[in-house]
Structure formats: C-alpha cells, structure tokens
Amino acid sequence: MTYRIALIPGDGIGRPVTEAAIEVAQKAAPDLLETVTFPWSCETYLQTGRMMPEDGIETLRSFDAIFLGAVGWPALVPDAVSLHGLLLPIRKAFVQYANIRPHRLLPGVQGPLRKEGFDILCIRENTEGEYSGAGGRVHVGTPDEVAVETSVFTRVGVERILRFGFEQARKRRGKLASVTKSNAQKYSMVFWDEVTDQLAAEYPDVEVSHYHVDAICARMVMAPESLDVVVASNLFGDILTDLGAAIQGGLGFAASANINPSRSAPSMFEPVHGSAPDIAHLGIANPIAAIWSAAMMMDHLGEAVASARIMAALGATTAQGIGTVPGQDRTEAITRAVLAALD
Ligand code: GGG
C-alpha cells in the first residue's frame, strides 16, 4: 500500500521546510509515500496570471493527501491574491472544514510564559465565517468609496465544526471552549452560542465553557493549562493560533491539519507559518512545524506508528536543544538531527 501525496512547497521558506518534512516522513515510513511536486507559487502567478492552473483542484482531487509549505510573496503578488488563489480555494473545494492546530511545548522548548503542562487543541472553522470571500467595493478611489465584507455562518458549517470539537474533546480531557464575540456580534455569534448549547445536550460528558475571544486570549497567556479543546470561527481561530504558536515557542513549532472529516476529498497538512521572505534565503527556517504537520498527515493516513515515530524523533531532537532557539540552528542541521533520531 502506498499513499500518493501532492506536494505544494509554495513560496519562501515553504520550500526547504517541505523538503525536510517529506524526507523525515519517508524515512519514518519507508516506501509508503509516492510524491508529486506542484511548483505552484507566486512565481506561477507572475508567469501565468494564476496561482494554480485552472484544473488545479481537479488535479489534486485524486491524491490521498496534500502537503503545503507556505503561500505568499507580497513584493511580487498582493497577499490577498496569493491566498485566495491557492490555499483558501483548496480548503473550500475539498471541504476541509476542520483546521486542527495543537499547542503544547516540545521537550526542551521553553516558551515565553515559562510555564509547562499545557496541551491545547485549537479547532478553527476553515471554510466559511469571516473568510467566506463574500463582499465587494464600490466607488473605488473616490471619497464615497465603500468596502463590504460579509461573514457567513451557516447551520451546516457551525454545527459540523462544533460537533467535530465535541468529538475531539471526548477523546481528550473532556473540555470544550467555544469562542465567540456574541456580546458585540449579535447575529452570527449569538447563533454560534446557541448551536454550541444545542449540541452540548448531546454531549453531557463534555464540559462546555463559552469565552469571548478577548477573554480567551488572556486565558491562553495566564492559564493555558486550564484549556483543552478550543473551537473558534475562521478569523478568530487564525488569530488565536498565532497566540498559541507564540506560547509554544514560536511559529516554528506550530503545526496544522486541514481535515475533511468525511474523507470525500484529500485533507491538507501545512505548518501554520507563512513564507517568511525576510529569512527565506538564509537557510535558518525551522522545519519542526512542517515535520510535526507531516506526523499529523501520517496519522490521518492511518499510519499511527510512523506518526508516533516522527513525534518521538522531534522530541528527542528538541530535548537536546536542537531547533529550540529561533535562528540558532540551520534548517539542514535540525533535519539531520531528526533523521538521526529516527534511527
Ligand atoms: N503555511 C501556509 C501559509 O502560508 N500560511 C500563512 C497564512 O497567512 N495563512 C492564512 C490562513 O491560514 O488562513
């Protein structure tokens, strides 16, 4: 049995970290991964006027999983164009509605809070909400200019992400934090709160807390150990998981999985970080977030042993202090250490 993996290294540091992650995954699961690389990036946009070919989504559909590095090179292509041309259409087309982002400290990593013992699973709604792309501008460039961007919250979308969160909470410590701003946003977020309460009745074994997004930001800093599963809308989840990345030592440690839970289409795995143009040519990108994302991919593919081996190798590497301080170790040195730890 082999798995066909579509690799989209993308831009900037997405390229070296993808190479590192796949090398580690291939060593952890010899002969299991058959990869095809798609060089879709901001360079593609400059050459063709598109971030991916017109049939890009159909090309990806037949793969077992997609691994993405990073998207964006704002000096060449506006970020809103590159993101809406590659990453967001893949998430939407393949109904990857659950974006899972774990936040915990790897061994030897000292986060800025000087706290240990937290283990948060952020679940970000990934296909609608504030990222629905519904909106427009009129009277552009005039004093009467208007820009409107509408958040879209459907019962199907809200219910399925919350249900996914409840199921994850059941498998973990049985606690779910539902995040809104329902005091200010009295339609969409009140609706989200109501759906949370409706589902809570089906999950009496899960302890539910409601947080406003500002309050949970404070809690993630002051008492991260009190949180288990955190479910939030697309934009709130995006912001909260940068905070989650910060408390786990930085974006170099933040992994993610864009999951289609029904498996009707491929899921996609990517580090949370972007393309980091400022350090892209220095060889110092931390591949740990990408390698952790590859472990999540192996787990999703049903290769739990390979996934656990990758996580153990990452832990053994960081426990030696390798890759734990931003910019200190080169990408290649960290990768070699993880590969050696697999032995
Ligand atoms: N690793 C993919 C990447 O480039 N992420 C940067 C980013 O801005 N992503 C937006 C998002 O996750 O919604």
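Trainee: What should I know about the model before I start?
Mentor: It is predicted: local features need pLDDT of at least 70, side-chain atom pairs count only at pLDDT 80 or more, and totals for chains, interfaces and linings use all residues. Residues are numbered from 1 along each chain as its sequence is written, and side-chain values use heavy atoms, with hydrogens and water left out.

Trainee: Which domains does the assignment give?
Mentor: Domain 1 is 1-97 + 260-343, and domain 2 is 112-247. These bounds come from an automatic or database domain assignment.

Trainee: How much area do domain 1 and domain 2 bury between them?
Mentor: About 930 Å², 59% of it on carbon and sulfur atoms. Buried area is the accessible area (1.4 Å probe) that two parts lose on being put together, summed over both. Arg91, Lys92 and Tyr97 supply 63% of what domain 1 buries against domain 2.

Trainee: How many salt bridges cross that interface?
Mentor: The rule finds 0 between domain 1 and domain 2. A salt bridge here is a side-chain nitrogen of Lys or Arg within 4 Å of a carboxyl oxygen of Asp or Glu.

Trainee: What does Arg91 pair with, then?
Mentor: Glu270, at 2.8 Å, N to O. Arg91 sits in helix H4 and Glu270 in strand S12, 179 residues apart. Helices (H or I, at least four residues) and strands (E, at least two) are DSSP runs, numbered from the N terminus.

Trainee: Is Arg91 buried or exposed?
Mentor: Buried, at 3% relative accessibility. Glu270 is buried too, at 4%. Buried means under 20% relative accessible area, exposed over 50%, partly exposed in between (1.4 Å probe, protein chains only).
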